[in-house]
Amino acid sequence: MSNPSIDTASQAPLFQPWALGDLTLPNRIVMPPMTRSRASQPGDVPNDLMAEYYAQRAGAGLIVSEGTWISPLGKGYAWTPGIHTPEQVAGWRKVTRAVHAAGGRIFAQLWHVGRLSHISLLDGQSPVSSSAIQAAGVNVFVAERDGTPGFVQASQPRALSVDEIHAIVDEYRQAARNAMAAGFDGVELHAANGYLVNQFIDSGANTRTDQYGGSLDNRLRFLGEVAQALIDGTGSKDRVGIRLAPLTTLNGCVDADPETTYTAAAKLLGELGVGYIHIAEADWDDAPHMPLAFKQRLRDVFPGTLIYAGKYTAERANAALGEGWADLIAFGRPFVANPDLPERLRAGAPLTPHDRNTLFGGGAQGLTDYPALAAKAA
């Protein structure tokens, strides 16, 4: 006998299918990228434990992997996976096979942290950025000499030369090829939260005077070149998404006029034809509110799919989808402790809280040992 409340919930926008290019998502729930720092050492290789973790969450309409760095200088946190060595690509192939076997779809989030790194993670080299501006007061996650985790102030970066910028664009193109070879359904560019692409976009982090700095068009140039490289690398515009965080000011990246800057960024990405933009709304206490008018401006200039993330409940998500400024909604922290989150939302079931102490590093505890609703009931 069916449950009337579940039947009614199933008719809500959140549980309707969505076409992302030629990929059909069975619902409009996204698991967004979340760093978990469980890659195998040495070599930062994705492993069986990570494959189990993602496969447990394959009920999401779309999974976006944790940030995966595209080159040695792109790494900024200990024990995070890369996607540039043959071993890393093979490790990710285990993950994508497990997700697909469980009926899911998964994109790789491609990551270059830029200045948000430390010389101990880069074999003694300085981090790189748009400009030689240190992210003051920003700590990054490192492994101490005895293997215990710790946090240290991000190192002073150096400014990239134009030739080096072109080389990083090529690294992104190759990373997209690697992701497709590893069996991912597409890629998402991490252009948010103060990482390298964001360090070019935001006026407060970019003091360049060449073609990659100064005017808004120049500050968006790197974003456009990388997005095009990802289209080239995947062979499909629909299989490329871009994550942006217009108002978060995370990790010291601040723009003087974010609404103008990010509306222009969305327009550029729409002209390139990427499949989606993934907006990370500021979600901490006293965070800046993202006005509805701003969201509507983004909708007006970007014809593709729009994903929003930021403390959404099922009720708020359905309202956003109903109003039309969002197409998909990402639920971050709830997915940590609720592997079957879509079913819980559909049933109106209580959500299990996550253990903060097991978010970064470690083993199965706090990663794959959270029970699904049916198992919990049994």
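This report describes aromatic ring contacts in a predicted model.

## Basis of the analysis

In this predicted model, local features need pLDDT of at least 70 and side-chain atom pairs count only at pLDDT 80 or more, while totals for chains, interfaces and linings use all residues. Residues are numbered from 1 along each chain as its sequence is written, and side-chain values use heavy atoms, with hydrogens and water left out.

## Aromatic pairs

The whole structure contains 13 aromatic pairs. Rings of Phe, Tyr and Trp (its six-membered ring) pair if their centres lie within 6.5 Å; planes under 30 degrees apart count as stacked, over 60 as edge-to-face and the rest as tilted.

One of these pairs is F141 with F151: the ring centres are 5.3 Å apart and the planes stand at 50 degrees, so the pair is tilted. F141 belongs to strand β7 (residues 139-143) and F151 to strand β8 (residues 149-153), ten residues apart; helices (H or I, at least four residues) and strands (E, at least two) are DSSP runs, numbered from the N terminus. F141 is buried at 5% relative accessible area, whereas F151 is exposed at 53% (buried means under 20%, exposed over 50%, partly exposed in between; 1.4 Å probe, protein chains only).

F200 and F222 also form a tilted pair, with ring centres 4.5 Å apart and planes at 40 degrees. This pair ties helix α5 (residues 196-201), which holds F200, to helix α7 (residues 221-234), which holds F222, across 22 residues of sequence. Both F200 and F222 are buried.

## Cluster and charge contact

Y53, Y54, W92 and F184 make up one aromatic cluster.

R316 lies over the face of Y312, 4.1 Å from the ring centre; a charge sits over a ring if NZ of Lys or CZ of Arg is within 6 Å of the ring centre and within 35 degrees of the ring normal.
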